[in-house]
Amino acid sequence: MSNTLKSLRALSDPTRLRIVALLEKEELSVNELQEITRMGQSRISTHLGLLQDSGLVQSRRDGKRTFYKLNSETDRTAAEFIQLAIRGARELGEHASDQINLKRVLNRRKEQEEVYFNQIAGRFDRVYGPGRSWQAFGHLLLRILPPLVVADLGSGEGLLSELLARRCKKVIAVDNSEKIVAFGAAKAKKNNLKNLEFRQGDLQHPPIEPGSVDLAILSQALHHAEEPEKALAAVYQILKPNGQILLLDLAKHKFDRAHELYGDRWLGFAESDLHHWLEAAGFKKIEISIVAREEQPPHFETILAGGQK
């Protein structure tokens, strides 16, 4: 049987159309497809087998689980069939509930990954072992960095900048306080960090040449900005093509005393607002997630956001 006929046969069933539509943007396991479609394991496996035999779907093993996704290396004809299948799936009565269940399954997967990471981090703090420390971990991770030109925006005294300068090609630390910039520059000179430069300026108008930076970091700085959306647009301008932004900040909260205690202009940010501002600035491949939650009240949560120019 020709590849064209195999593809047509594989896509002749409404259930297989539903599966193709679910695999359009995310790889899924059999169990996840069961939960989304409310169908049994043997039925799902049979349909996946037909789709895989036709070359429309591929799989990979991860421990005891197998994940399936659309085959990204299909020929032009098969790719056109896949797009027709996705359009057909949208006309099925089950499509709306499939998409809702897909979103729920993916959100739970993300939450489980974060719980696992937090458990690992918690064990790291609690269990003593000679030579084990976050400081050592940080230096290990720094070795992974390529020799980048980095902008540390809202750097403060430059703790992060100093660490990055020990690995990066050049680090430009920007802060709006003249005293802090002078202090940071003096400390960099004392530590013989010739590739670390402190500059005075604000987040909306960083004193950095357009298209000159590989990576821009804003670590707990954006909530001090007068106009966060303009600050993110300014970051886009200083980045080289394919340059990246990494942002750590507080999730939206209701601890009003942060204004007086920490000088915060903004009480954190909603993930949706950050995504909108990054997208409006021109960033692609945007990823945003909650990566930490403090155990003590007011239980501040930390957002990690990233994007590419």
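Modeller: I would start with Glu80, which is partly exposed at a relative accessible area of 43%, where buried means under 20%, exposed means over 50% and partly exposed lies in between, computed with a 1.4 Å probe and the protein chains only. This is a predicted model, in which local features need pLDDT of at least 70 and side-chain atom pairs count only at pLDDT 80 or more, while totals for chains, interfaces and linings use all residues. Residues are numbered from 1 along each chain as its sequence is written, and side-chain values use heavy atoms, with hydrogens and water left out.

The side chain of Glu80 meets that of Arg76 in a salt bridge, at 3.5 Å from N to O; the term stands for a side-chain nitrogen of Lys or Arg within 4 Å of a carboxyl oxygen of Asp or Glu. Arg76 itself is exposed, with a relative accessible area of 70%. Both residues belong to helix H5 (residues 76-89), and because they are four residues apart there, about one helical turn separates them. Helices here are DSSP runs of H or I with at least four residues, strands are runs of E with at least two, and both are numbered from the N terminus.

Another of them joins the side chains of Arg104 and Glu35 at 2.9 Å, N to O. Arg104 sits in helix H6 (residues 95-126) and Glu35 in helix H3 (residues 30-37), so this bridge ties together parts that lie 69 residues apart in sequence. With a relative accessibility of 34%, Arg104 counts as partly exposed.

A further salt bridge is made by the side chains of Arg199 and Glu197, again given from N to O, at 2.9 Å. Arg199 is buried, its relative accessible area being 14%, whereas Glu197 counts as partly exposed at 30%. Through salt bridges that share partners, Lys170, Glu197, Arg199 and Glu209 are joined into one network.

For another arginine side chain, look at Arg16, which makes a polar contact of 3.0 Å with the side chain of His47. Such a contact is a pair of N or O atoms within 3.5 Å; within protein, one must be able to donate a hydrogen and the other to accept it, and residues adjacent in sequence count only if both atoms are side-chain atoms. His47 lies in helix H4 (residues 41-53) and is classed as buried at 9% relative accessibility.
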